[in-house]
Amino acid sequence: MQYIITVYFIIMNIIGFALMGVDKRKARKHLWRIPEKTLFLVSIIGGSVGTLLGMYVFHHKTKHWYFVVGMPLILALQILLCVKFAVFKV
């Protein structure tokens, strides 16, 4: 079970990171954008580290206060939940 949870979080974080990069590329080319709701959803369902890293690697959404505050807050809540439920027991 722990293996499945770990793989899930890895995949979600890769997706979160990639979505930030794709959205930044689309923004530069004035193309259809990934909705902000989708970026937050991916973060909430486990991709918060990837989304947060993507924000700063791609310099994307870093001027929006709700991303600058929201993404770290989501990550902090996820860490607290993991500790509380001991998802990553060694």
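Biologist: At roughly what angle do the axes of α2 and helix α3 cross?

Modeller: This is a predicted model, where local features need pLDDT of at least 70, side-chain atom pairs count only at pLDDT 80 or more, and totals for chains, interfaces and linings use all residues. Residues are numbered from 1 along each chain as its sequence is written, and side-chain values use heavy atoms, without hydrogens and water. Helix α3 spans residues 65-85, and its axis comes within 9 Å of the axis of α2. Axes are lines fitted to C-alpha atoms, for helices over the stretch in contact, with angles from 0 to 180 degrees between N-to-C directions; this crossing is at roughly 100°.

Biologist: Is α2 roughly parallel or roughly perpendicular to α3?

Modeller: The contact of α2 with α3 has 15 nonpolar, 6 polar and 1 charged residues (Ala, Val, Leu, Ile, Met, Phe, Trp, Tyr, Cys and Pro are nonpolar, Asp, Glu, Lys and Arg charged, the others, Gly among them, polar). The crossing is at roughly 100°, and angles under 35 degrees count as roughly parallel, over 145 as roughly antiparallel, 65 to 115 as roughly perpendicular, the rest as oblique. The helices are therefore roughly perpendicular.

Biologist: How far apart are the axes of α1 and α2?

Modeller: Helix α1 covers residues 2-28 and helix α2 residues 36-57. They pack at an angle of about 60°, and are therefore oblique to each other. Their contact divides into 14 nonpolar, 9 polar and 1 charged residues. The axes are apart by 7 Å.

Biologist: How many helices are in the chain?

Modeller: Helices (H or I, at least four residues) and strands (E, at least two) are DSSP runs, numbered from the N terminus. The elements run α-α-α from the N terminus on. Strands number 0, and helices number 3.

Biologist: Which residue meets Asp-23 in a salt bridge?

Modeller: The whole structure holds 2 salt bridges (a side-chain nitrogen of Lys or Arg within 4 Å of a carboxyl oxygen of Asp or Glu). Asp-23 lies in helix α1, and its partner, 10 residues apart, is in the loop between α1 and α2. At 3.0 Å, N to O, that partner is Arg-33.
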